[in-house]
Amino acid sequence: MHFTSRFRGSVAIMVLTVTTLTMILGACDRQAEEPFPSNPITLVVNWPAGGGMDRIGRVIAEYARRRLDVPIAVINVSGAGGASGVRHVADSDPDGYTVGILGASLVASQYINPNANAIDDIDLIALVGPDPAALEVRSDSGINSLAEYVQRAQSNPRSIKNGNDAPGGVSHIAATLLERSANIELTLVPYRGYAPTVAAILSGEIQSSTLPVHQLIEQHKAGEVNILGVMSEERHFMAPDIPTFKEQGIDLVAGDWRAIFLPNGVPDDHRAFLEALFLETLNDPDFQAAAEQLSFFITPMTAADTKRFVEAFDQELYPVLLEAGLVRARHK
Amino acid sequence: MALAILLPVTYAMSPIAAMVFLMAVFSASVFGGSISAILINIPGTPGAIVTQLEGYAMTCRGKASEALTYSLFSSTIGGIIGLIILMLVAPIVAGAAMQFRSPEFTMATVFGLTMLAYSTPGSTFRGVLSGAVGLLCGMVGFDLVTDVSRFDFGTSALQSGIELVPLTVGLFGLAEVLRGVENNTTQTDRTPPLKALTPSFAQLKRLWKTILRGSALGAIVGAIPAAGSAIAVAVSYAQEKRLSKRADEFGTGVPEGLAGPEAANNACVGGALVPLMTLGIPGDTMTAVLMGALLIHGLRPGPLLFTERPDFVATVYVALFLALLLTFVLGFLLIRHFVRLMRTPSHILLIIIALLCVVGAFAIRNNVTDVYIMIAFGVIGYVMNKLEIPVAPLAFGLILGPILEENLRRSLIISDGSWMVFIERPIALTMLLLSLGALFYPFLRNPGKLLSINQ
């Protein structure tokens, strides 16, 4: 191979640019300065743009920014079922300038995925609210109530095909919990995310699904789908006519939730500032109205309460995952 | 990609303005993806993945502006036909699309892979080899059915799987940069004077059948949730090659091979909006982002959208039409300038392309791992090119592999393990027979040909 000098030069410059750029992107250093915050804050969303986590993350950033002199930049770091974004925050400099938002996938991931962070690897500072699962059936299935659904499933085990996430995903766990608490057996059919599950119940490939209420509320109104019950403590504000599972005699609360977190080791004053900032934002009536418009339940909790909440969730989930053979990475 | 980056910009807009903006981005980005495919061999969108087979070949022969004009012309017509189908027969198309369940998806993917093997230029065996490597790449990361991470070599870097963008940017873009450095050719030498290179109207008119076929195919395949434009362009390209009298010349810059897929990927825009508007189901990643935008503005697409918000539906139609029109006008005015970019001295151009490769790979998930993956595939693409193994099948394998595996396994879960589902369902059976026909037809016609490895 013979290079002219101009080309040897361009090779060198090209290699240099690629490596420099890679290094800049990889390092992402930020110096800590007083007073806090004097630099832009980054909010890391662990799912892609346009999804539920992204929407709520951006509304929170929007309303939190109004209480600050610095901007809040939202970035999406997605992959590995939400674990990539959590790791991105957990491994960032603990200076308070990197904040993350995550959901219930954190708890399942730590047992399923050896490379995912455990709950102890991060510092939860506020709970945003729950996103309860519900049970939906096709209208043409002839099932009009939860009792009928349970009866159908008991008289003919595994005959009902339920659409849900891959094992360990939120709607899969909801379906597994439904099987346990109602003492029924379903055929669990995995889909990659909520949208394909919605498509499958509308095409008739599956008879029921365990998606959150807002995924199928329009189809419920149009009479294509019946929502039989909501897996929450209280009724969902988008569907006040639909009873909870508890009201119908099945003790089942399941679904997703969302929380804001920091890497471990953020200085106490920065941490206290951020906890107060996000609690005030989440309690802001204007923010709550905006979030409700986007179909989100907002029930703010302090850092201490959030930790208790997530620990209780962990305690409840572990035996379910163990039984489903999903505890692979670490044991309790 | 463009849609995901620009989505946050719309949060402050009024719902209607946001919708017009996003429809324009959605529609224009399809042609935008083809520009980079034609000029620098990097497909900007999954739908542009066969565009470069003919388009870049034309650029290398100094016919860049001709290729861009063909692309713009067929894109616009394809987009308008897709829009007309969306406006007139959306409910019917949606009903037909809902006939597609897991067994149909499985067989549609098998059909797509068969078409791919058929349309690969040169040795079929090398094409199939490359496609198989692509299928394998598609298996990296978390498995849907068991949620076990596969082929990750114990690192979290590969757990999220190999994204299409870093792979194609590396395989096509960076590999091309490496070749450019080695060959010591300057783009200036390859770009003859600009005049008299746009095709005449008669030349464009000759393509009308190709464009119509591509458009119809794109609109229908686009409407099937999860099928996406990549399958549409693969089938369109294979079909044009099959129907062409010059099938042997495909891969060297045949206008039909460019116009068909270009019409198809633009018609897909209208098609992909069908399930979103009528059923509330986003069919691909682009419409998923669009659905997110609608939700942010308090609009919940679903079966009641047409009766409750006719104003909104009308806005989408008009916005899409205006976007197509503006893309055409802007494209027409800018083509000569795009081509002039190619006259940049190559030692500068190659550096810019290398930079764009890094930024593009990083931006897709804000993840530096994707940059390493891009560089790795850049080297792989370069080596494959030296060995004369076609790289396009690898990208196709990556797109189709996960769809095939996921739907095959889900079909079997639903059927309790019975393979009869693929035979009992008419659409699935038809596609299975078509695939078998395409596979064995050349063998029956000429048994010796299949056995010769080097064509």
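In the predicted model described here, E136(A) stands opposite S209(A), a residue of strand 8 of chain A, where strands (E, at least two residues) and helices (H or I, at least four residues) are DSSP runs numbered from the N terminus. Residues are numbered from 1 along each chain as its sequence is written, while chains are lettered from A and ligands numbered from 1 in the order in which they are written. Because the model is predicted, local features need pLDDT of at least 70 and side-chain atom pairs count only at pLDDT 80 or more, whereas totals for chains, interfaces and linings use all residues.

Strand 5 (residues 134-138) and strand 8 (residues 208-209) of chain A run antiparallel and are joined by two bridges, two strands being taken to pair if DSSP finds at least two bridges between them. An open sheet of five strands in chain A has the order 7-6-8-5-9, and its pairing is mixed. Its edges are formed by strand 7 (187-190) and strand 9 (225-230) of chain A, each of which pairs on one side only. Elsewhere in chain A, strand 4 (residues 122-132) and strand 10 (residues 255-263) pair in the antiparallel sense over nine bridges, and within this pairing G129(A) has R258(A) of strand 10 as its bridge partner. Ten of the eleven residues of strand 4 of chain A are buried, so this strand is largely enclosed by the rest of the structure; a residue is called buried if 20 or more other C-beta atoms, placed from the backbone, lie within 10 Å of its own, exposed if 12 or fewer do, and partly exposed in between.

Chain A has eleven helices and ten strands in total, and 52% of its 332 residues count as buried. Of the contacts in chain A with a separation of 6 or more, 74% are accounted for by residues 24 or more positions apart, a contact being defined by C-beta atoms, placed from the backbone, that lie within 7 Å. Helix 6 (residues 170-182) of chain A has 13 residues and reaches 18 Å from its first C-alpha to its last, close to the 18 Å expected at 1.5 Å a residue, the expected span being 1.5 Å times one less than the number of residues. Ten of the 13 residues of helix 6 of chain A are buried, so this helix is largely enclosed by the rest of the structure; the buried residues include V170(A), H172(A), L178(A) and A182(A). The helix is followed by N183(A), whose phi is positive, near 55°.

Chain A is divided into domain 1 (38-131 + 256-323) and domain 2 (134-230), with bounds that come from an automatic or database domain assignment. The centres of the two domains of chain A, taken over C-alpha atoms, are separated by 28 Å, and nine residues of domain 1 are in contact with seven residues of domain 2. On the side of domain 1 of chain A that touches domain 2, helix 4 (105-112) and helix 11 (303-323) of chain A each supply at least two residues, and helix 4 gives the most, with three residues. By class, this side of domain 1 has five nonpolar, two polar and two charged residues, where Ala, Val, Leu, Ile, Met, Phe, Trp, Tyr, Cys and Pro count as nonpolar, Asp, Glu, Lys and Arg as charged, and the others, Gly among them, as polar.

Between the chains, 53 residues of chain B are in contact with 58 residues of chain A. Among the elements that give two or more residues to the chain B side are helix 7 (164-183), helix 13 (285-296) and helix 18 (392-414) of chain B, and this side has 32 nonpolar, 14 polar and seven charged residues.

The largest nonpolar core has 244 residues, and those with the most contacts inside it are A126(A), A259(A), A234(B), L290(B) and A395(B); such a core is a set of buried Ala, Val, Leu, Ile, Met, Phe, Trp, Tyr and Cys residues joined through C-beta atoms within 7 Å. Its largest share, 16 residues, comes from helix 4 (residues 64-97) of chain B. Domain 1 and domain 2 of chain A both give residues to this core, so the core lies between them. Leaving aside neighbours within four places in sequence, A234(B) is in contact with V50(B), G112(B), M115(B), L116(B) and F396(B).

Technical notes: Two residues are in contact if their C-beta atoms, placed from the backbone, lie within 7 Å.
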